[in-house]
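Trainee: I'm new to this structure. Could you walk me through how to read it?

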Amino acid sequence: METIKTLKNVPDQHGFFGKFGGQYAPEILKPALDELVEAYSRLRQNQEFHDELYRLNSTYSGRPTPIYFANRLTGHAGGAQIYLKREDLLHGGAHKINNAIGQALIAKYLGKNRLIAETGAGQHGTATAMVGALFGMETVIYMGTKDIERQLPNVKRMKLMGADVVPVNKGSKTLKDAVNEAMRDWVTNVETSHYLIGSVVGPHPFPMIVRDFQSVIGEEIKLEFPEKYGKLPDIVVACVGGGSNAAGTFYPLVDENVDLYGAEAGGIGESAGNNSASLSLGSSGIIHGAYTYMIQNREGHIIPTHSVSAGLDYPGVGPEHAFWKECGRVKYLPVSDEEALETFKLVSKLEGIIPALESAHAISLALKLAKEKSKDTRIVVTLSGRGDKDLDSVLGM
Amino acid sequence: MDATTPKFKRKHSNGEKLVAAYWVLGYPSVKESMSIFRTLNEAGADIIEIGYPYSDPVADGETIQDAIQKALTEGVHLDQLWKVSSTIANYSDPFVMTYGNIPFQFGLEAFVEKAKQSGIAGAIFPDLLPEVYPNVLKGIPPAFLISPNTSLERAEFIAQQSQSFIYLITRLGTTGGRNFQDKRLEKLIHSIKSKRNDIPLMVGFGISSQSQAIQAFEQGADGIIVGSELIKKYQTGGKSQVLEFVSELKEVAAQFSGNS
Ligand SMILES: Cc1ncc(COP(=O)(O)O)c(C=O)c1O
């Protein structure tokens, strides 16, 4: 039998991307995970669901987003042409809304009227608060107290839109602990609540569901780029925290002749605790319900991570990225705090676009790649969000 | 049943009701936890669950989380687990309860080997469902969890997969005392026991009083598991309270023994 060369028919029915993914979760969640698998496979075939998703994506979020040729940035790099996929222009200021709307719709179809979410930078919490208001659902957001301090404007936004923001004062007081608390809430209230997870992480089917809702990013690139420029881009770059904007960007392109690069948070150094680069500097293990790459010590305890960008400051990564890394389809490279900060300022000055610190990691990597390539090479970078939220932390430094 | 059959299985087949006691290794210090494990022995706990601390204990409630956090700062490591199990094995049946990433990083085969050498009679990994439970790891007889929202069909499947005991959670949520979900629980207990009775059906995650233990036995449980409540007792009244509570539960168990 001839094997069909595709990386698209993952995960398998147990949620595995090769050896990664699966359901490493407490039994109490199993019925809810099964219910979600079943509901999603039904909704995937449901035209009404797709129509509603499409309508909200276009009228509420502002899709499709433009692909912008960054002329001065390209000139600065002096090599390949750099294009920005403008997810920063979406309602709420980041790609997170793509997933939030999709999952809120699932919750609606499941008859669940309460949304639980975790947030690090507050961007996913904000997106969840938005859809909570949009659908009239009770919304509870778990956020580490350390993140609450460094992302105060987003906390205010969430509260204004009616979400209950619950401070998490455990462990490292950041995103990983917020995920733990959100899972505990779900375990307790699983019959009335949907856990609107914010990235391509967690037990199956979350990595698949979030990837699918974020894939609108890559689909738009795949549609628009050849129309305008005659062919697909040569290189596509996205930043990787949990990995949702990157998975959504890459997935529609994995079978195409396009080089894919993920930019991870290299922080202030390669030793554990100084970065959040699970794929490029971590090792494989179980975190938050999936077998994937993570930052851990020798015994397997999760180590608190570091990144200047709260949205990338997470010790795990989506299992599909672990799969792409292992089969060599995507290259993952660390970008340091310093490089990201420099790029944050550079893009603001040259293009009048203030990128999120997360996205600045991706642009920084794209600039490095552009310098080594010829002028007819085209690079698309997913600009996952806008940087207004980061002004205090950047300018205060 | 042969010479290697663990004590708790013999007791079960003799119609004795069981009490399992959970404690976190390293809480409040490594030394004190060793002494508490001795106390649990003295009180007559039939199974002693050694909670091995993990940095991200998602299935545990506030009380145990805090104890785990403290234990981690005390610098607990696996050598202590092997050591304490070997000691416990002289009197009772030690079980290890921790999260999947610990054996994954140690190496599954090496973990099983060490556990066997240390007399560990069973293992509980709350984040390893039967579907993803590595075969090698079954070298330590697994106790799988069944929760109140598990379907009857799935409960039977899980019961079949279990090799040491069957761990029935009494309520939705994490470890720690709260309400029983009576009707559903009783139905589950009967359904499971009608399919599998060679290993005990243990009930846990909510036992904080003698009356709850009585209720569990009345509903048909073969044994009960206490954890969070022991930590609370210790925090208010020290080791003597722990000893007293486990002894009381043993009395309750004795009242129900022999009439299964
Ligand atoms: C703008 C932006 N980009 C990227 C991320 C990282 O998430 P992911 O890797 O899931 O896209 C975040 C997370 O908060 C974000 O706010």
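Trainee: What share of the residues of chain A count as buried?

Mentor: Buried means under 20% relative accessible area, exposed means over 50%, and partly exposed is in between, with a 1.4 Å probe and protein chains only. In chain A, 65% of the 397 residues count as buried. Keep in mind that this is a predicted model, where local features need pLDDT of at least 70, side-chain atom pairs count only at pLDDT 80 or more, and totals for chains, interfaces and linings use all residues. Side-chain values use heavy atoms, with hydrogens and water left out, residues are numbered from 1 along each chain as its sequence is written, and chains are lettered from A and ligands numbered from 1 in the order in which they are written.

Trainee: How many helices and strands does chain A have?

Mentor: Both are DSSP runs numbered from the N terminus: helices are H or I with at least four residues, strands are E with at least two. Chain A has 16 helices and 14 strands. Its radius of gyration (over C-alpha atoms) is 19 Å, close to the 21 Å from the globule rule for 397 residues, so chain A is as compact as a globular protein of that length. That rule is 2.2 Å times the number of residues to the power 0.38.

Trainee: And what box do the C-alpha atoms of chain A fill?

Mentor: Roughly 55 × 55 × 45 Å, taken along the principal axes. As for contacts, meaning heavy atoms within 4.5 Å, residues 24 or more positions apart make up 73% of those in chain A with a separation of 6 or more.

Trainee: How many aromatic pairs are there over all chains?

Mentor: Rings of Phe, Tyr and Trp (its six-membered ring) pair if their centres lie within 6.5 Å; planes under 30 degrees apart are stacked, over 60 edge-to-face, and the rest tilted. That gives 31 pairs over all chains. Take Tyr24(A) and Tyr291(A): they are 6.5 Å centre to centre with 45° between the planes, a tilted pair. Tyr24(A) sits in the loop between β2 (20-21) and α1 (30-43) of chain A, and Tyr291(A) in strand β12 (residues 290-294), 267 residues apart.

Trainee: Is Tyr24(A) buried or exposed?

Mentor: Tyr24(A) has 8% relative accessibility, so it counts as buried. Tyr291(A), at 13%, counts as buried too. Ring pairs also link Phe16(A), Phe20(A), Tyr24(A), Tyr291(A), Tyr293(A) and Phe104(B) into a cluster.
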